[in-house]
Amino acid sequence: MLLNFFKYQGTGNDFVMIDNRKEFFPKDSVGVVSFLCDRRFGVGADGLILLEKDKDTDFKMVYYNSDGRQGTMCGNGGRCIVAFAHYLGVVDQNTSFMAVDGLHNATIADGIVSLEMQNVKEIKEKSNSLFLNTGSPHHVQLVDGLKDFDVRKEGAKLRYGVYGEQGSNINFVDQATEDTFNVRTYERGVEDETFSCGTGVTAVALAMYHSGKTNKDSVKIITPGGNLQVKFKSNANGYDNIWLTGPAQLVFKGEINVES
């Protein structure tokens with residue numbers, strides 16, 4: 001099968017995008033997805049995203065990790081699919097779409113996408129970390145010497161050793177200023193450090209506010225792939241009106257032969 005694809009990236013978190021509104025893609029083929037995400041034999045990406053029709057919203061987002069299995073919500077992927085939908089003419093500057101964790105609103109202007117994330121009701125405090133779900137599960141831990149920290153080794157230890165087979169994404173953090181944090185993330189499904197993780201930086205912003213490291217409800221996050229902003233509102237039931245903002249760009253498009 002000759003497959004047309006688009007490659008997008010949001011702060012270095014990269015995705016193969018497929019326009020699947022005609023429902024031709026072999027969605028149950030783990031091998032096809034993992035092949036397309038392979039950086040040596042395929043296109044190369046942290047994940048693959050299908051844009052599909054949805055009866056109640058502008059479109060539906062179906063996300064796969066690079067291991068070929070459908071994943072939980074991906075924040076940067078959500079921002080990138082908005083840019084993709086805009087490129088295809090499916091949406092203008094404002095949109096709503098359906099993802100695995102429910103409805104998302106978003107805006108796009110001049111290559112910057114703001115994505116509304118799901119409300120967060122609970123943040124669990126542990127001895128030296130916090131845990132919360134921002135569409136995907138996230139462990140957030142402050143560390144010293146983040147620049148030279150072995151994210152892959154230490155992230156894998158926590159991902160499997162603490163959270164078992166189901167696992168969690170692992171975020172390591174250091175504080176730069178009152179409202180700015182440096183973040184590096186080990187992502188389950190990719191099983192390695194990624195340049196950026198949208199649900200991860202959202203989790204970090206909320207966790208740092210929750211733990212008193214900042215009193216700002218607009219937080220700048222610096223990742224290896226670029227800068228993101230997280231805005232939110234705190235209330236008696238947790239956190240709502242959570243928005244993740246940053247660039248989302250088309251890298252290239254092409255076609256590739258795949259065996260379905």
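Colleague: Which residues does the UniProt annotation "binding site" cover?
Modeller: Happy to start there, with the reminder that this is a predicted model. The annotation comes from an unreviewed UniProt entry.

Colleague: Let's take asparagine 65. Is asparagine 65 buried or exposed?
Modeller: Asparagine 65 is found in strand S4, which covers residues 59-65. Setting aside residues up to four places away in sequence, asparagine 65 touches Val33, Asp46, Gly47, Gly71, Arg188 and Gly189. Buried means under 20% relative accessible area. Asparagine 65 has 12% relative accessibility, so the word for asparagine 65 is buried.

Colleague: Now threonine 199: which side chain does threonine 199 join in a polar contact of 2.7 Å?
Modeller: Threonine 199 is in helix H4, residues 198-210, and is buried, with a relative accessible area of 2%. Beyond its neighbours within four places in sequence, threonine 199 is in contact with Met73, Cys74, Gly75, Met117, Thr134, Ser136 and His138. The polar contact of 2.7 Å is with the side chain of histidine 138.

Colleague: Where does glutamate 23 lie, given its positive phi?
Modeller: Glutamate 23 is not a glycine, yet has a positive phi of about 55°. With 64% relative accessibility, glutamate 23 counts as exposed. Its place is the loop between strand S2 (13-19) and helix H1 (30-37).

Colleague: What relative accessible area does aspartate 110 have?
Modeller: Aspartate 110 also has a positive phi of about 55° without being a glycine. Aspartate 110 is found in the loop between strand S6 (102-109) and strand S7 (112-116). Exposed means over 50%. Aspartate 110 is therefore exposed, with a relative accessible area of 82%.

Colleague: Turning to the domains, what area is buried between domain 1 and domain 2?
Modeller: The domain assignment gives domain 1 as 2-116 and domain 2 as 123-243, and their centres, taken over C-alpha atoms, are separated by 22 Å. In the interface, 20 residues of domain 1 are in contact with 21 residues of domain 2. Carbon and sulfur atoms give 50% of the buried area, which is about 1300 Å².

Colleague: Which three residues supply 34% of the area that domain 1 buries against domain 2?
Modeller: That share is more than any other three residues supply on the domain 1 side. The three are Thr11, Thr72 and Glu116.

Conventions. Residues are numbered from 1 along each chain as its sequence is written. This is a predicted model: local features need pLDDT of at least 70, side-chain atom pairs count only at pLDDT 80 or more; totals for chains, interfaces and linings use all residues. Side-chain values use heavy atoms; hydrogens and water are left out. UniProt positions are given in the numbering used here, feature names are shortened, and annotations may be inferred rather than shown by experiment. Helices (H or I, at least four residues) and strands (E, at least two) are DSSP runs, numbered from the N terminus. Buried means under 20% relative accessible area, exposed over 50%, partly exposed in between (1.4 Å probe, protein chains only). Contact means heavy atoms within 4.5 Å. A polar contact is a pair of N or O atoms within 3.5 Å; within protein, one must be able to donate a hydrogen and the other to accept it, and residues adjacent in sequence count only if both atoms are side-chain atoms. Domain bounds come from an automatic or database domain assignment. Buried area is the accessible area (1.4 Å probe) that two parts lose on being put together, summed over both.
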